[in-house]
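Subject: A structure for you to look at

Hi there,

Here is the structure I promised to pass on. Have a look at it first, and then read on for what turned up.

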Amino acid sequence: MNQIQELHKQAMDLAEAAFTAKLRGNLEQASQVSRQAFDKESQAAALIANQIDAEPTRSVLHRSAATLAIDCGEFRAAERLIAIALSGNPPQEIAQ
């Protein structure tokens, strides 16, 4: 779980940096950093994908990765991540 937590932390730090870059008008940097955040969060989600009993962490990571995928314009990847999240037993508020 430590590797998952570390990847998630890195992804959230990158997502925050992307948001800041976007606010400052640096759209190229925001795009690059958003992609890095998506990659890290996707890695974290993949590490827990088969652990159906690891809710709500499993579905939260997949939802977060899907949101970052949408930010990057990766809509098919977002759909796959959402499907994986819903294939487990996510809490109702996450499933919605």
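By class, seven nonpolar, two polar and three charged residues make up the lining of the largest pocket. Please keep in mind that this is a predicted model.

The space in this largest pocket comes to about 290 Å³. If you want to find it on your screen, look for its lining residues, among them Phe 19, Lys 22, Leu 27, Arg 35, Leu 68 and Asp 71. The biggest share comes from H2, which gives five residues.

Now for a pair of helices. Two packed helices are described by the angle between their axes and the distance between the axes. Here, helix H3 covers residues 57-71 and helix H4 covers residues 75-87; they pack at an angle of about 170 degrees, and their axes are 8 Å apart. Angles over 145 degrees count as roughly antiparallel, so H3 is roughly antiparallel to H4. The two helices make a left-handed crossing.

Which residues in H3 meet H4? They are Arg 58, Ser 59, His 62, Ala 65, Ala 66, Ala 69 and Ile 70. On the H4 side, the residues include Phe 75, Leu 81, Ile 82 and Ile 84. Sorted by class, the contact of H3 with H4 has 11 nonpolar residues, three polar ones and one charged one.

Enjoy exploring, and write back with any questions!

Best wishes

How values were computed
Residues numbered from 1 in each chain as written. Predicted model: local features only at pLDDT ≥ 70, side-chain atom pairs only at ≥ 80, totals over all residues. Heavy atoms only, no water. Axes fitted to C-alpha atoms, helices over the stretch in contact; angles between N-to-C directions. Helix = DSSP H or I, 4+ residues; strand = E, 2+ residues; numbered from the N terminus. Parallel < 35°, antiparallel > 145°, perpendicular 65-115°, else oblique. Left-handed = near helix turned anticlockwise from the far one by under 90°. Contact = heavy atoms within 4.5 Å. Nonpolar A, V, L, I, M, F, W, Y, C, P; charged D, E, K, R; others polar. 1 Å grid on protein atoms, 1.4 Å probe; cavity = no way out; pocket = protein on both sides within 12 Å on 5 of 7 lines; lining within 4 Å. Points joined across faces, edges and corners; volume = space filled by probe spheres on them.
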